[in-house]
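Below is a short note on helix packing, charged pairs and one surface feature. Please read the points against the model.

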Amino acid sequence: MRDHPHGETGATAGPHPEVWTGRATNRGQWLLALGGAAFMALGIELAVDSAWASGVAPLVMSVVGCIAAGLLVLFGTLAFVHVSVKVDDECLEVRCGHIGVPRRRIPLSQVADAVFAPCVTPHQWGGWGYRWRPEKGTAVVVRRGEAVVLRLWDGHTFTITVDNAETAVSVIRARLTPKASGAAR
């Protein structure tokens, strides 16, 4: 867990903000992105400076394989370098990476409860990224640490690793309470 400076968006003191935002970052994935860039560079080097006497087919397969593997690793890791979460009066929105894809928007009307998870690890979910496990539900895991677990009315769960998750849970619960009391009338 991390220390959260006073006055940070979503701080627990006082009334909840109109829009709560949170973020989690995994700087370690930049190393994997560099590996993907190295594969791409190798593919380009093979294409430009090829002295293969064994034929064109093996050369093309090597070039395409290196570039494809490089792109897959590069974009797959950059998509999950960070996650941002926004909670407003109507929904929770999760955006991954620099371009915000994949993105998931969950209306709060579909949320039955929000629970704070003090330690979620990539190992529990089978790695980093957007994950699904039949016995656990769906998750966006970008690093080890605290997380928000949403329990949806349809029985599914959605877990997001985000800094200051405890505050996010209290903000979500505060927005769920008026709807539950209004429905009871």
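1. Buried means under 20% relative accessible area, exposed over 50%, and partly exposed in between (1.4 Å probe, protein chains only). At 35% relative accessibility, tryptophan 128 therefore counts as partly exposed.

2. The model is predicted: local features need pLDDT of at least 70, side-chain atom pairs count only at pLDDT 80 or more, and totals for chains, interfaces and linings use all residues. Residues are numbered from 1 along each chain as its sequence is written, and side-chain values use heavy atoms, with hydrogens and water left out.

3. The buried residues of helix H1 (residues 29-48) are Gln29, Ala33, Gly36, Gly43 and Leu46. Seen down the axis of H1, they fall within an arc of 140 degrees (taken from the directions from the helix axis to the C-beta atoms), so they line one face. The face turned away from this buried side carries the exposed residues Leu31, Leu34 and Val48. Helices here are DSSP runs (H or I, at least four residues), as are strands (E, at least two), numbered from the N terminus.

4. Salt bridges (a side-chain nitrogen of Lys or Arg within 4 Å of a carboxyl oxygen of Asp or Glu) number 5 in the whole structure. In one of them, arginine 175 pairs with aspartate 89, with the closest N and O atoms 3.0 Å apart. Arginine 175 lies in helix H4 and aspartate 89 in the loop between strands E2 and E3, so the pair ties together parts 86 residues apart in sequence. Arginine 175 is buried, at 11%.

5. Glutamate 135 and arginine 133 also form a salt bridge (2.8 Å, N to O). Glutamate 135 is exposed at 55%, whereas arginine 133 is partly exposed at 27%.

Conventions
Expected span 1.5 Å × (residues − 1).
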